[in-house]
Each structure stands twice: as structure tokens, then as C-alpha cells.
Amino acid sequence: MGLHPVTRSSMSDQVIAQMKENIEKGIWKPEERLPGELQLCEIFGTSRVTVRNALQKLAGEGLIETRVGDGSYVRKYSLSDAMSRMNIPGSLTEQEFRELLEFRCVMEGPLCELAVSRMTEEELNLLSQNYDAMVLASQDEATFAAADVSFHTTLASCCGNQTLEAAYRMICSNLSRVMKAIVHQRGNASGLKYHKAILDAAKAHNAKGARAAMERHMREMAEELLRTAPD
């Protein structure tokens, strides 16, 4: 089953993380009934309160549903369920942070290429303004992070594809939170360099060049953040 007793530190978070992993890896399949509360207490070596809190949190995130008098079941969820789960208030778990990085590495490059290939002059001017805002905010981490996110959401809005734009905007709440931490850890030199390269490619109507710059940016950022993340 992949579950094991947890230590006292952050006990509830550890229970939630293990249960999420079982669901996300398909060990517990959609519509499958979870072990009962008492059985989970024995597996994790925790109190019933801790297990109940974990079940409530998972239900709140839409991963499970509790049926009165019958127990808890893994919920069938759609793409919109999975995306909206990424915007739940509070700190991201390590797994959620890694998933957000992976999402960006997969999505940002193709989205950037499509945006530049369809971008109007008015949209290009707006992207340029976003970059200028980053430059002006280079001494203010929070304002710089907000301008960075605006640059990316502007690209998403330039795709002419409402589904892509909506999918990107679904991650913006979490993206805004982690961007502040990223800027604090990495500074802004890399962000300015790559956003300038993307903007220059857009001005030259070079969609593939913009994609290449974005993908280098995402790859370099993800590699550094994962390399320096605590084990």
C-alpha cells in the first residue's frame, strides 16, 4: 500500500502527503474505498483526530469524498478539478511545488511560441510594458515578482485560446506566491536576461526563438530550485 508510520514532527502533513501520493500514483484508484479511520490510525501510528483532519483536508481539495455511514472514497476528478486544486490557499507542499515547476516546464515554451506567433502590435506593446515594469522594480522583490507573473499571464492572453489562458490563470494564485520565494532565492538577473530575450524575439516575430529562450529559462530555474531544495 506504500504507507508507513509517521514521526511526531508535522504529523498531519506527513499523513496527508502519503495519502496524496497513494492517490496520485494510482495505488488508490478512483471510486476505491480507503481504509477505515481506525485502520489508518494503526498504519500511521497516529490519533484518530490526526487521521480525521487529513481526510477532511483531502475532501476539501476534492481528492476524496466521504459517504455517510460508508467511509471515504477516492474521487473521480476532471482536469478542472486537478487545476483548481493547485490554487488552494496556504503553503504548497514540496510535491505540489515540484508539480508546479513541472507544469511550467511543459507548458511555458509552447505557450510562448503560440503567443508570439499570434501577437498583435498592441499586445506586443503590453508585453514590453510588463518587461519595463520588471526593470523598474528590480530593487523591490515583491513588485518584481508581481511584474514577472504579469509578463507570463500577458503571454497566455496573447494565444487567442481561451482554454489555454484559463488553464494558465488557474495556477496564478500559487505562481504569485512561489514567485516571491524564487526571486528572493535567485535574485532577478536571470529573470531580466531571459525575459529580455523573449521580448526581443517577440519584437522580431521570431516565435521559435521566443520558445527556445523561455524553455532555457524554465529549465535553468527548475534545475537550480530542485538542486537546492532540502532532501
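Q: In which sense do strand β1 and strand β2 pair, and over how many bridges?
A: This is a predicted model, in which local features need pLDDT of at least 70, side-chain atom pairs count only at pLDDT 80 or more, and totals for chains, interfaces and linings use all residues. Residues are numbered from 1 along each chain as its sequence is written, and side-chain values use heavy atoms, without hydrogens and water. Two strands pair if DSSP finds at least two bridges between them; strands (E, at least two residues) and helices (H or I, at least four) are DSSP runs numbered from the N terminus. Here β1 (residues 64-67) and β2 (residues 71-74) pair in the antiparallel sense over four bridges.

Q: At what angle do the axes of helix α6 and helix α10 cross?
A: Axes are lines fitted to C-alpha atoms, for helices over the stretch in contact, and angles between N-to-C directions run from 0 to 180 degrees. The axes of α6 (residues 121-136) and α10 (residues 189-203) come within 10 Å and cross at roughly 160°. The pair is therefore roughly antiparallel (over 145 degrees; under 35 counts as roughly parallel).

Q: How do α7 and α10 pack?
A: Helix α7 (residues 141-157) packs with α10 at an angle of about 25°, their axes 12 Å apart, which means that α7 is roughly parallel to α10.

Methods:
Angles under 35 degrees count as roughly parallel, over 145 as roughly antiparallel, 65 to 115 as roughly perpendicular and the rest as oblique.
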